[in-house]
Amino acid sequence: MIKSAFSASDNQTLYRNQMKLLIQTGCKYSCRVTVDLAGRRFNAKSMMHIGDIKAGDRFELLFDGEDEINALEEYSRVLETD
């Protein structure tokens, strides 16, 4: 298992795009992708709790499975806020 910290953009347009990409990117990989938002964990591949992440929030993604490194690398690219 590996994990990495990310931030949701303060810009509303970028934020909405990030949340869409959070789900879409996870679905490409077989590994488990879990969001850790202030100690609360949920599946990053499901829309169920993604709305709990608000613009400006910091969260961690935990990756567990055979393609976890590839998933982390793609998330690092698509969730970039700079």
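Modeller: Buried means under 20% relative accessible area, exposed means over 50%, and partly exposed is in between, with a 1.4 Å probe and protein chains only. Helices (H or I, at least four residues) and strands (E, at least two) are DSSP runs, numbered from the N terminus. This is a predicted model, in which local features need pLDDT of at least 70 and side-chain atom pairs count only at pLDDT 80 or more, while totals for chains, interfaces and linings use all residues. Residues are numbered from 1 along each chain as its sequence is written, and side-chain values use heavy atoms, with hydrogens and water left out.

The part in question is strand β2, residues 32–37, and five of its six residues are buried. Two strands pair if DSSP finds at least two bridges between them. Strand β4 (residues 58–64) runs antiparallel to β2, and five bridges join them; one of the residues involved is T34, whose bridge partner in β4 is L62. Strand β3 (residues 40–43) is also antiparallel to β2, with four bridges, and here L37 stands opposite R40. β2 and β3 make a hairpin with two residues between them, and A38 in that turn has a positive phi of about 55°.

C31 is found between α1 (12–26) and β2. C31 counts as buried because its relative accessibility is 1%. A disulfide is a pair of cysteine sulfur atoms within 2.5 Å, and a search of the whole structure finds zero of them. C27 is in no disulfide, the nearest cysteine sulfur being that of C31.

Contact means heavy atoms within 4.5 Å. Not counting residues up to four places away in sequence, C31 touches K45, F63, D64, G65, D67, E68 and A71. Of these, take D67, which lies in the loop between β4 and α2 (68–78). C31 and D67 are 36 residues apart in sequence, but their C-alpha atoms are 5.8 Å apart in space. Apart from neighbours within four places in sequence, D67 is in contact with Y29, S30 and C31. A polar atom of the D67 side chain lies 3.0 Å from the backbone nitrogen of S30.

A salt bridge is a side-chain nitrogen of Lys or Arg within 4 Å of a carboxyl oxygen of Asp or Glu. D67 is buried but has none, and the nearest side chain of opposite charge, K45, is 6.8 Å away. For charge, Lys and Arg count as positive and Asp and Glu as negative, while His and the chain ends are not counted.

Terms used: A polar contact is a pair of N or O atoms within 3.5 Å; within protein, one must be able to donate a hydrogen and the other to accept it, and residues adjacent in sequence count only if both atoms are side-chain atoms.
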